[in-house]
Structure formats: C-alpha cells, structure tokens
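Please keep the structure in view while reading the points below.

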Amino acid sequence: MTAHPALDLADVISSQLADPDAPRPWAVPAYGQHLAYGPPGIALLHIERAACGLGPWQRAHDWLAAASRQSLTSGPDSHAFYGAPAVAHALACAADHLPGSYQRALDSLDKQIAIDVGRCLDAAHRRIDAGRLPQLAEFDAIRGLTGYGAYLLRRSPDGTTTRAVLDYCVRLTEPLTDQDEALPGWWTETGPSGNPDDRFPGGHANNGMAHGIGGVLALLALAARRGTVVSGHHAAMRTILAWLDRWETGPGPAWPYWITRDELRTGRVTLSTPRRPSWCYGTAGLARAQQLAGLAFGDTRRRVRAESALVAALTDGDQLKVITDDGLCHGFAGLAHLAARVAEDAHAMTVARIRAAIPALLDKVHPPGAALRSGDPGLLDGASGVALALIAPNTATPPQSSWDSCLLIA
C-alpha cells in the first residue's frame with residue numbers, strides 16, 4: 001500500500017514535538033498530567049512511532065519523563081484522563097514493547113488506581129441504592145468508570161477490579177424513576193457539559209462514546225470479546241442496543257448525540273441539521289461500539305448494519321461539511337483512524353467500501369505547513385493526536401502500542 005501524502009504531516013509533527021524542552025512559540029499546557037492535552041498524550045505519539053519503527057524510543061522516554069516531573073495526582077482529583085491513570089496508560093503502552101521497563105512504576109500506579117476505582121465504585125453504588133440519577137463524570141470514558149475500565153481491561157482483563165467495574169456497568173443500565181417517569185439508568189439531570197443547562201430541562205441521556213452510554217457499550221463488548229463476562233453482562237449490552245435501536249434515524253442509519261426529556265416523552269428526535277460523525281459523538285463512534293457488540297454476540301446482521309452506517313456517514317457530504325478540524329476527537333484524521341479500526345474487523349460485504357472512503361478523509365487533512373497552526377500539541381484536539389491518527393490509515397496496519405485503547409475502540 002502506497003502511503004498517502006498526509007503521512008508527511010505526521011513526520012513533521014513528530015519532529016516538531018521531538019523534545020519536550022525545546023523552545024517553541026507555544027507551550028505544553030500547565031496541566032502536564034492530562035492525557036488529552038499534556039505530555040502523556042504526546043508521549044503516545046512517540047511510543048507508537050517507535051513501536052512501528054518510525055522513530056527513536058528516546059523521544060518517548062523524554063516525554064514520559066516530562067509527564068512525571070511532578071508528583072502524580074491520584075485520589076478524588078484524578079480521573080481516567082488525568083493524573084496517575086493518564087501517565088499509567090502511556091507507560092503501559094511503552095512497557096508492552098520494552099520488557100522490564102517501567103514495571104516498578106506501573107505496579108505502584110496500578111495499586112493506586114485500584115484504590116481510586118474502589119472509591120468511585122462505592123460512591124456509585126451508594127448513589128444507585130438511593131435511587132438518584134448519575135452525573136456524567138461518574139461513568140464516562142474521560143472522567144469516569146468506563147475510562148478506568150478501559151485501562152483495567154488492558155492491564156488485568158479478568159482482575160477483581162476490572163470485573164467490579166463491569167458489574168457497575170451492568171447496574172448502570174437498570175432503569176431509574178424520576179418525577180414518576182421511568183428513565184434509563186444513565187440519565188443525567190444536567191446538560192452534556194455536565195453542568196445545569198436551561199436547554200435541557202429535565203436533563204438528558206447521552207449517547208456518545210466520550211461522555212455517554214456508547215462508551216459503556218464498547219467497554220462491555222470489548223470485555224466480552226476477551227472472555228471477561230459478569231452476571232447480567234449480555235443483558236446490559238442488549239438494553240443499550242435496544243435503546244440505540246429505538247432512537248435510530250435514517251437514512252444511514254444514524255444516531256443522535258443525546259435524547260432530551262421532551263424527546264423521551266414524544267418518542268421523536270428533533271434533529272434539524274446534520275451532525276458530524278466523530279469518535280466522541282455521533283454515528284462513527286456508535287458504529288464502532290455496535291460493531292464490537294455484534295462481534296461479541298456473533299450477530300452478523302448487527303455488525304454489518306453498524307459498518308454500513310459508518311460507510312454512509314463517511315460518504316455523506318452534508319455530514320462531512322460539519323467537520324471543521326483535523327483532530328482525533330472530532331476531526332478528519334480521527335475519523336480516518338476510526339474507519340481503519342472498523343475495517344480491520346469488517347465483514348466481507350462492507351470492508352472494501354470502508355477502506356475506499358479513507359483516502360478522501362485523508363485528503364481533507366491540512367498539509368504539513370499547518371501542523372501546529374493552533375499551537376495545540378495535545379492528543380484529543382491537537383497535533384499529536386492528528387499525527388497518531390494518520391499512522392494506521394496510511395500503513396494499513398493496526399496500532400502496535402494499543403494507544404487508542406483509551407478511546408474504547410480496540
């Protein structure tokens with residue numbers, strides 16, 4: 001396979017981010033322990049490139065050291081993308097390719113993460129026992145237990161703490177009652193930001209991969225594919241799939257970012273304009289989650305329908321027009337990476353169509369001269385994430401370091 005010119009952009013970004021201490025017109029954010037914005041995410045770029053034979057390991061070591069210059073945050077002030085868990089994810093990605101390296105640090109971090117997850121689980125179960133609605137930060141992939149689950153599933157697939165997180169995910173799918181209305185167990189009283197929002201009277205049910213039930217479905221499906229299944233596991237997956245089926249819109253199909261209380265009461269989605277397909281929200285991420293569920297269940301119909309939904313999103317000019325950046329989270333490079341991941345597992349009926357759509361996505365990624373035009377070096381929205389997302393679609397090989405396991409897509 002001939003590499004797309006967009007791979008040159010990844011090389012340029014990698015060179016610009018070679019040394020964490022090099023003088024630049026922009027600065028790495030002060031929140032240095034954040035996977036989305038700081039050194040841990042930038043380290044992932046150099047780890048993956050080194051694992052692929054595209055760059056030296058020294059760059060990865062330097063960025064991991066930069067991420068660890070201050071005492072790592074743990075306890076209530078940390079979460080899956082910040083502090084000890086964020087640095088642990090990057091270290092684990094490197095350690096897989098460097099036997100014996102970072103093991104003492106990882107052992108220590110894993111013990112602390114287990115303590116912190118236990119605290120979060122205790123609070124979540126008390127909340128469920130009291131019949132209260134959750135906050136997004138309790139369960140989402142960025143700040144919540146689903147994000148912790150992604151790390152634990154990789155480090156200890158059948159471990160006690162991993163299974164405890166899966167048990168919680170099962171409970172999360174059990175319905176709750178609020179103001180005499182039956183609601184899905186993941187319904188929150190706030191808007192999608194996690195804060196009170198007048199545009200969401202009565203709250204909402206978030207469908208996204210980053211902040212909603214899509215991420216929970218993906219975690220349950222990934223665990224099932226690895227053979228880690230808890231009581232009620234399959235029933236919980238079916239509950240989420242039935243919810244998504246209920247709110248499926250056509251053609252495509254496609255799924256809304258969220259459901260409001262009015263939409264729940266009327267049974268109708270009030271979409272007026274196309275929504276961008278991305279990892280964090282929308283059809284692309286949900287297509288991967290449902291593909292993974294189809295694979296876990298051996299449900300070819302579900303799998304092909306999810307893959308066809310992705311093809312429709314990747315070839316719909318109206319949806320693609322809504323994408324305004326290159327980033328991993330919700331830009332063209334991230335969409336190309338997600339498509340490459342889906343193609344790895346795609347059915348013979350859809351795989352060629354998915355792969356055929358990827359070059360057009362790469363064509364929309366900005367040229368090398370624009371690599372750091374926003375001054376953002378980070379993983380989710382910035383340059384390092386763009387560079388990472390360009391590797392798999394260009395090389396037609398899956399990530400070698402499992403860096404994207406934090407996104408719950410593999």
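In this predicted model, residues V165, L166, C169 and L172 of helix α8 are in contact with I213, V216, L219, L220 and A223 of helix α9. The residues of this contact comprise 9 nonpolar, no polar and no charged ones.

**How α8 and α9 cross**
- The axes of helix α8, residues 160-172, and helix α9, residues 213-225, come within 11 Å and cross at roughly 135 degrees.
- The two helices α8 and α9 are therefore oblique to each other, and α8 passes α9 in a left-handed crossing.

**The two sides of α16**
- In helix α16, which spans residues 351-363, the buried residues are V351, I354, A357, I358, L361 and L362.
- Viewed down the axis of α16, these buried residues fall within an arc of 145 degrees, so they line one face of the helix.
- An α-helix has 3.6 residues a turn, so residues three or four places apart point the same way.
- The face of α16 turned away from the buried side carries the exposed residues A352, A356 and D363.
- The buried residues of α16 pack against α1 (6-16), α13 (300-314), α14 (317-321), α15 (332-344) and α17 (383-395).

**V386 in α17**
- Residue V386 belongs to helix α17, and V386 is buried, because its relative accessible area of 7% lies under the 20% cut-off.
- Leaving aside residues up to four places away in sequence, V386 touches L9, I13, D326, G327, A333 and V365.
- V386 and D316 are 70 residues apart along the chain, and their C-alpha atoms are separated by 22 Å.

Notes: Residues are numbered from 1 along each chain as its sequence is written. This is a predicted model: local features need pLDDT of at least 70, side-chain atom pairs count only at pLDDT 80 or more; totals for chains, interfaces and linings use all residues. Side-chain values use heavy atoms; hydrogens and water are left out. Axes are lines fitted to C-alpha atoms, for helices over the stretch in contact, and angles run from 0 to 180 degrees between N-to-C directions. Helices (H or I, at least four residues) and strands (E, at least two) are DSSP runs, numbered from the N terminus. Angles under 35 degrees count as roughly parallel, over 145 as roughly antiparallel, 65 to 115 as roughly perpendicular and the rest as oblique. A crossing is left-handed if the near helix is turned anticlockwise from the far one by less than a right angle, and right-handed if clockwise. Contact means heavy atoms within 4.5 Å. Ala, Val, Leu, Ile, Met, Phe, Trp, Tyr, Cys and Pro count as nonpolar, Asp, Glu, Lys and Arg as charged, and the others, Gly among them, as polar. Buried means under 20% relative accessible area, exposed over 50%, partly exposed in between (1.4 Å probe, protein chains only). The arc is that of the directions from the helix axis to the C-beta atoms.
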